[in-house]
Amino acid sequence: MKTKILLLCFFIPIFCSCEQEIPILSLGLQEEYYIPRMSTYRFTPGYTGENYRWTMQLPNGQDSLLSTEQYYSFVQKDEGIYNLTFEIIDPQTPYKYKFRVEVMHEYIEYSPYISKVFEYCPAPGQFVNEMPKYESGDTEESMRKKAEEN
């Protein structure tokens, strides 16, 4: 008797939970983005249409056209909040989506100075062998290290 009750308790939830889920299509864009400055973020919407328009609202309230391609790469050097609009221009299914991007200060601050020299190949010129100073026996790697130290 107990096994019948246990089997019944096991099978009833299985039969009752057989609901068909309807897949939800997503635009592929969020309401808000947080991006460090000077970092590129590529927006890739999931919907398609005949034409596209990416715009950004300027401080004076007007819209500035950013792109007419389906995908858009966003990068900004100034911190702040940017209000963007993505539009699908299509006679059958037009679509308009507004979202915001907050450009934040980066975790590791950018430096205006060179931090690493990957290759040293000077062009002919007046100070080619002066800085860094070439000495007999220097290799390409030793000259690269000298350039990096200077």
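How many aromatic pairs does the structure hold? The structure holds 14 aromatic pairs, where rings of Phe, Tyr and Trp (its six-membered ring) count as paired if their centres lie within 6.5 Å. The model is predicted, and local features need pLDDT of at least 70, side-chain atom pairs count only at pLDDT 80 or more, and totals for chains, interfaces and linings use all residues. Residues are numbered from 1 along each chain as its sequence is written, and side-chain values use heavy atoms, with hydrogens and water left out.

The secondary structure of the chain comes to two helices and seven strands. Helices (H or I, at least four residues) and strands (E, at least two) are DSSP runs, numbered from the N terminus. Along the sequence these elements follow the pattern α-β-β-β-β-β-β-β-α. Of the 150 residues of the chain, 23% count as buried; buried means under 20% relative accessible area, exposed over 50%, and partly exposed in between (1.4 Å probe, protein chains only). Among the contacts in the chain with a separation of 6 or more, 54% are accounted for by residues 24 or more positions apart, a contact being defined by heavy atoms within 4.5 Å.

Strands of a sheet pair through backbone hydrogen bonds, either parallel or antiparallel. In this structure, five strands form an open sheet of mixed pairing, in the order S1-S7-S6-S3-S4; two strands count as paired if DSSP finds at least two bridges between them. The edge strands, each pairing on one side only, are S1 (32–36) and S4 (63–67). On average, neighbouring strands of this sheet are turned by 30 degrees against each other, direction ignored; axes are lines fitted to C-alpha atoms, for helices over the stretch in contact, and angles run from 0 to 180 degrees between N-to-C directions.

Strand S3 (residues 51–57) runs antiparallel to S4, to which four bridges join it. Trp 54 has Ser 67 in S4 as its bridge partner, while Thr 55 stands opposite Leu 65 in S4. S3 and S4 form a hairpin with five residues between them, and Gly 61 in the turn has a positive phi of about 95 degrees. Six bridges join S3 to S6, and these strands also run antiparallel. The bridge partner of Asn 51 in S6 is Ile 89. Strand S6 (residues 80–89) also contains Glu 87, which is buried at a relative accessible area of 16%. Not counting residues up to four places away in sequence, Glu 87 touches Asn 51, Tyr 52, Arg 53, Tyr 95 and Lys 96.

A pair of aromatic rings is described by the distance of the centres and the angle of the planes. Planes under 30 degrees apart count as stacked, over 60 as edge-to-face and the rest as tilted. Tyr 33 and Tyr 41 form a tilted pair, at 5.1 Å centre to centre and 50 degrees between the planes. Tyr 33 is buried, with a relative accessible area of 6%, whereas Tyr 41 is partly exposed at 33%. Phe 74 and Tyr 82 form an edge-to-face pair, at 5.9 Å centre to centre and 65 degrees between the planes, and both residues are buried. One aromatic cluster includes Tyr 33, Tyr 41, Phe 74 and Tyr 82, as well as Trp 54.

In helix H2 (residues 140–149), the buried residues are Met 143, Arg 144 and Ala 147. These residues lie on the same side of H2, because they cover an arc of only 105 degrees around the axis. The arc is that of the directions from the helix axis to the C-beta atoms.
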